[in-house]
Amino acid sequence: MILDKEHLRANLDEVIWNIEQARITVSEHHIVKLVTVAKYTEVENIATLYELGQRAFGENQVQQLRERMAQLEELPLEWHMIGRLQKNKINNLIDLRPALLQSLNSLDLAQELQKKLAAKEAKMHCLLQINSSGEETKAGVSPDEAVETYLNIKANCPDITLKGVMTIGAHTDDEKEIQKSFEITHNIYEKLEKEGASICSMGMSGDYELAIKCGSNLVRIGSALFKA
Ligand SMILES: *Cc1c(COP(=O)(O)O)cnc(C)c1O
């Protein structure tokens with residue numbers, strides 16, 4: 001559905017207000033970046049949000065990312081890949097030069113990405129995705145292997161610049177469980193700060209305020225911005 005500008009402005013204002021309320025409970029200096037997840041919405045709504053001041057957008061499929069980048073080529077947008085990256089799409093993604101691949105979810109994928117980056121003499125900024133809830137359907141490295149995997153990628157993949165970690169909160173109504181998955185991830189993030197990690201990406205439409213209170217400094221929000 002294509003939403004008009006005033007409608008999108010009201011949704012955006014509400015989200016920004018909620019982010020503001022949550023972040024000041026952490027610290028006045030705790031700054032949170034909002035990445036708009038555009039995967040379910042029309043390209044027109046992305047352009048309107050740009051007019052309203054949004055710059056960073058995320059997609060979860062390489063194909064859709066490519067189409068949108070082409071359609072909105074004239075706008076100075078920052079694009080993030082946030083979804084599962086299939087190995088046969090790695091070259092396509094490299095050619096798109098996304099600002100950040102948030103979903104680097106295994107050492108194996110990192111090694112494959114490194115090979116292809118080297119062949120193209122390209123580099124990529126990435127987050128290591130952590131499966132903090134232990135759900136089988138979710139991608140990501142397990143929390144007990146996360147620090148080791150991060151250091152391994154850092155040491156062995158010179159064309160990958162790791163900027164931090166990403167997680168998807170537990171899929172449940174039990175707030176305690178969701179909070180636990182964020183705390184686990186933030187804990188790992190804190191250990192990696194001395195390794196240069198600066199991004200802790202956690203929180204979606206249903207749980208971003210909780211994620212920020214647990215230390216998230218990047219939220220990925222889709223449906224709350226595009227609700228009718
Ligand atoms: C779809 C998606 C989001 C946004 O989800 P909403 O609940 O619509 O805000 C965030 N992160 C990832 C990885 C996603 O795939």
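The shell around the ligand in this predicted model comprises five nonpolar, three polar and two charged residues, where Ala, Val, Leu, Ile, Met, Phe, Trp, Tyr, Cys and Pro count as nonpolar, Asp, Glu, Lys and Arg as charged, and the others, Gly among them, as polar. The residues that surround the ligand are Val37, Lys39, Ile82, Ile168, Met204, Ser205, Arg220, Ile221, Gly222 and Ser223, a residue being near a molecule if one of its heavy atoms lies within 4 Å of it. Residues are numbered from 1 along each chain as its sequence is written, and side-chain values use heavy atoms, with hydrogens and water left out. Local features need pLDDT of at least 70, and side-chain atom pairs count only at pLDDT 80 or more, whereas totals for chains, interfaces and linings use all residues.

A polar side-chain atom of Lys39 lies 2.6 Å from a ligand oxygen atom, that of Ser205 is found 2.5 Å from an oxygen atom of the ligand, and an N or O atom in the side chain of Ser223 is 2.7 Å from a ligand oxygen. Of the 390 Å² of accessible area that the ligand has on its own, the protein covers 88%, as calculated by the Shrake-Rupley method with a 1.4 Å probe.

The protein chain contains nine helices and eight strands, taken as DSSP runs (H or I, at least four residues, for helices; E, at least two, for strands). The C-alpha atoms of the protein chain fill a box of roughly 50 × 40 × 35 Å along the principal axes.

Note on methods:
A polar contact is a pair of N or O atoms within 3.5 Å; within protein, one must be able to donate a hydrogen and the other to accept it, and residues adjacent in sequence count only if both atoms are side-chain atoms.
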